[in-house]
Amino acid sequence: MKKLLILLLVFVTFIPSYAFGIDIRKEGTTHHGGMRTPSITRVSADYENGLITIDVKGYTGGVQVFVSDSQGNIVSSTMSSITNSGVVSLDLGALAEGGYSLNIILDNATYYGQFDV
């Protein structure tokens with residue numbers, strides 16, 4: 001029995017952890033029933049081991065990031081400035097398990113997504 005537990009512990013220890021992307025959507029992607037002209041700004045977000053990393057490309061200006069719980073309470077936030085491209089990180093290691101919303105506000109657009117901890 002001891003050997004089985006040790007073998008299982010070793011197996012679990014060697015399982016790699018992977019970051020998973022958060023599906024980010026831009027608010028207001030239609031205009032008068034049709035698609036708007038695409039922006040050169042690209043925003044993506046990943047969550048791994050309690051850390052959200054937001055990658056912004058093709059944008060210069062302020063970036064605000066808000067994380068809200070399922071009741072809409074803001075549980076974490078940060079502000080940063082980016083020139084042409086950059087990365088903003090937010091440590092969420094202290095959050096309880098559950099579903100959360102992510103809002104990324106740029107000067108010219110708002111992006112949103114949802115993720116689970």
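Modeller: Among the elements of the chain, helix H1 (residues 2–13) has the lowest mean pLDDT, at 43, whereas S7 has the highest, at 93. This is a predicted model, and over residues 2–18 the pLDDT is below 50, a stretch that has 3 contacts in the model beyond near neighbours in sequence. Residues 29–35 also have pLDDT below 50, and there the model has 6 contacts beyond near neighbours in sequence. Where pLDDT is low, the predicted coordinates should not be read in detail. For the chain as a whole the mean pLDDT is 77, with 68% of the residues reaching 70 or more.

Of the 117 residues in the chain, 27% are buried, and the accessible surface of about 8000 Å² belongs for 56% to carbon and sulfur atoms. Among contacts between residues at least 6 apart in sequence, 56% join residues at least 24 apart.

The hairpin of S5 and S6 has 2 residues between the strands, and in it Asn49 takes a positive phi near 50°. S6 is also joined to strand S9 (residues 85–91), again antiparallel and by 7 bridges, and here Leu51 stands opposite Asp91.

Leaving aside residues up to four places away in sequence, Ile52 touches Ile22, Asp46, Tyr47, Val67, Val88, Ser89, Leu90, Leu92, Leu102 and Phe115. Ile52 is also, together with Val67, Leu102 and Phe115, one of the residues with the most contacts inside the largest nonpolar core, which has 23 residues. The elements that give two or more residues to this core are S5, S6, S7, S9, strand S10 (99–106) and S11, and the largest share, 4 residues, comes from S10.

Two of the residues that Ile52 touches, Tyr47 and Phe115, lead on to the aromatic rings, for which the count comes to 2 pairs. In one of them the ring centres of Tyr47 and Phe115 are 5.5 Å apart and the planes stand at 35°, so the pair is tilted. This pair links distant parts of the chain, with Tyr47 in strand S5 and Phe115 in strand S11 (residues 110–116), 68 residues apart. Tyr47 counts as buried because its relative accessibility is 9%, under the 20% limit, and Phe115 is likewise buried, with a relative accessible area of 4%. Ring pairs link Tyr47, Tyr100 and Phe115 into a cluster.

Tyr100 is in turn one of the residues touched by Ser68, which also touches Asn73, Ile74, Val75 and Ser101 when residues up to four places away in sequence are not counted. Ser68 lies in strand S7 (residues 61–68) and is buried, at a relative accessible area of 9%.

Glu48, in strand S5 (residues 42–48), has a relative accessibility of 32% and so counts as partly exposed; Glu48 and Leu92 are 44 residues apart in sequence, while their C-alpha atoms are 9.6 Å apart in space. Ile105, in strand S10, is partly exposed at a relative accessible area of 28%, and its contacts, not counting residues up to four places away in sequence, are with Gly62, Val63, Gln64, Phe66 and Thr110. Between Ile105 and Phe66 the distance is 8.4 Å, C-alpha to C-alpha, across a separation of 39 residues in sequence.

Notes: Residues are numbered from 1 along each chain as its sequence is written. This is a predicted model: local features need pLDDT of at least 70, side-chain atom pairs count only at pLDDT 80 or more; totals for chains, interfaces and linings use all residues. Side-chain values use heavy atoms; hydrogens and water are left out. Buried means under 20% relative accessible area, exposed over 50%, partly exposed in between (1.4 Å probe, protein chains only). Contact means heavy atoms within 4.5 Å. Rings of Phe, Tyr and Trp (its six-membered ring) pair if their centres lie within 6.5 Å; planes under 30 degrees apart count as stacked, over 60 as edge-to-face and the rest as tilted. Accessible areas come from the Shrake-Rupley method with a 1.4 Å probe; for residues, only the protein chains shown count as cover. Two strands pair if DSSP finds at least two bridges between them. A nonpolar core is a set of buried Ala, Val, Leu, Ile, Met, Phe, Trp, Tyr and Cys residues joined through side-chain atoms within 4.5 Å. pLDDT is the predictor's confidence in each residue, from 0 to 100.
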